[in-house]
Amino acid sequence: MLEKIEELLGQVQQFHTKNKEEIEKFRIAFIGKKGSVTELFEKFKEVPNEQKKEFGQKINTLKQAVNAKIEELKSGISEEAVTEKIDLTKPGFPLELGSRHPINLVKNRIIEIFKSIGFAVADGPEIEDDWHNFSALNLPEYHPARDMQDTFFIEKDPDILLRTHTSSVQIRYMEKNEPPMRILSPGRVFRNEAISSRSHCIFHQIEGLYIDKNVSFADLKQTIQYFTTELFGKSQIRMRPSYFPFTEPSAEVDVYWGLNSETDYRITKGTGWLEIMGCGMVDPAVLKNVNINPDEFSGFAFGMGIERIVMLLYQMSDIRMFFENDARMLEQFKHL
């Protein structure tokens, strides 16, 4: 059998081809399930004990030679194919450019507008503790308003949760900085809500905070007016009294969208007005919680859902489209 191995080794060394099919036949003939090398391994148990070491070494040498020959032949075909088929003087293939997600497009535009009037961007963790997400924002334990934000809790005692708003970023910023301050806090938030065309358990917010001496509600209204004019091209707004635990007084902001088309009638329910955000003067209790003297400083805060703004700007009817990663939808924003 040793002579047989030597004979097979010679056949391997002498074999040459540039045909893929012949290379595959060669592989099957030697190391396939019924190949020569496979048969030799099966006969190994019949070899006398004193010859097993030499016989085993010879088989392994043969198998390695077969694998090396296959790689050599395949490599030769690949190199020849590249040389024959590719003209290295030709320009490269054009790369398909992607686009920014519509949420990022609108978020960046909002940040750009507020940066032009002195706001900076602040960031914070998505996993929060009870103090920064609730208590410091005038939402102590058992406060009824906590029911307004169904929560994903990670731990209890102490409470650790996925943040329900980016207001927690404002608390962290005020704890570490002194007035005056003007910040935006964009980011993902999480609420345990039923998923539908108008709501989702994950969405994006952008909130603003301005703290300084003698800040008034008139400053808040003028800031919102500037924002709606820059983003929507519409300057007519109205502010309806509302309730938020961390601001007093509080308001919902509507922008007059108009009734110029059937779509306008549909999205405004025939009123011409669209709600875009909530806002208000920062409650003195919140300032005290972060060691800012409410007798010396005052401020306002506002917040909006970015998905809602995107849906208004691009006339989209289903919030779930932002989370489905459908390339057909995303390709529509390549030109933006």
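These legends go with several close-up views of a predicted model.

Some ground rules come first. In this predicted model, local features need pLDDT of at least 70 and side-chain atom pairs count only at pLDDT 80 or more, while totals for chains, interfaces and linings use all residues. Residues are numbered from 1 along each chain as its sequence is written, and side-chain values use heavy atoms, with hydrogens and water left out.

**View 1. Seven strands make an open sheet.** Helices (H or I, at least four residues) and strands (E, at least two) are DSSP runs, numbered from the N terminus. Two strands pair if DSSP finds at least two bridges between them.

**View 2. A hairpin is formed by β7 and β8.** Two residues lie between these strands. Strand β7 (residues 237-244) and strand β8 (residues 247-256) run antiparallel and are joined by seven bridges. To find one of the pairings, look for M239, whose bridge partner in β8 is V253. Strand β8 is also joined to strand β9 (residues 273-282), again in the antiparallel sense, by eight bridges. Here A251 has C279 of β9 as its bridge partner.

**View 3. Three strands form another open sheet, in the order β2-β4-β3.** The pairing in this sheet is antiparallel. Its edge strands, β2 (127-129) and β3 (153-155), each pair on one side only. On average, neighbouring strands are turned by 35° against each other, direction ignored. Between β2 and strand β4 (residues 160-162) there are three bridges, and E128 stands opposite L161 in β4.

**View 4. Helix α5 crosses helix α8.** Two packed helices are described by the angle between their axes and the distance between the axes. Axes are lines fitted to C-alpha atoms, for helices over the stretch in contact, and angles run from 0 to 180 degrees between N-to-C directions. The axes of α5 (residues 102-115) and α8 (residues 217-232) come within 10 Å and cross at roughly 130°. That makes α5 oblique to α8; angles under 35 degrees count as roughly parallel, over 145 as roughly antiparallel, 65 to 115 as roughly perpendicular and the rest as oblique. Which residues make the contact? They are R109, I110, I113 and F114 of α5 and T223, Y226, F227, E230 and L231 of α8, where contact means heavy atoms within 4.5 Å. By class, this contact has six nonpolar, one polar and two charged residues. Ala, Val, Leu, Ile, Met, Phe, Trp, Tyr, Cys and Pro count as nonpolar, Asp, Glu, Lys and Arg as charged, and the others, Gly among them, as polar.

**View 5. Helix α5 also packs against helix α11 (residues 306-314).** The angle is about 100°, and the axes are 9 Å apart. The two helices are therefore roughly perpendicular to each other. From α5, the residues P102, I103, V106 and K107 meet I306, E307, I309, V310, L313 and Y314 in α11. The residues of this contact divide into eight nonpolar, no polar and two charged. Helix α5 lies across strands too: β1, β5 (181-190), β6 (202-212) and β10, running at about 165° to β5.

**View 6. F119 and F302 form an aromatic pair.** Rings of Phe, Tyr and Trp (its six-membered ring) pair if their centres lie within 6.5 Å; planes under 30 degrees apart count as stacked, over 60 as edge-to-face and the rest as tilted. By this rule the count comes to twelve aromatic pairs. F119 and F302 are edge-to-face, at 6.2 Å centre to centre with 65° between the planes. The pair links distant parts of the chain, 183 residues apart: F119 is in the loop between α5 and β1 (120-121), and F302 is in strand β10 (residues 298-305).

**View 7. Here are some backbone details to look for.** Most residues other than glycine have a negative phi, and most peptide bonds are trans. A cis peptide bond joins D157 and P158, with omega about 0°, and P158 is found in the loop between β3 and β4. The bond from E248 to P249 is cis as well, with omega near 0°; P249 is found in strand β8. Is phi of N214 positive or negative? Phi of N214 is positive, near 60°, and N214 lies in the loop between β6 and α8.
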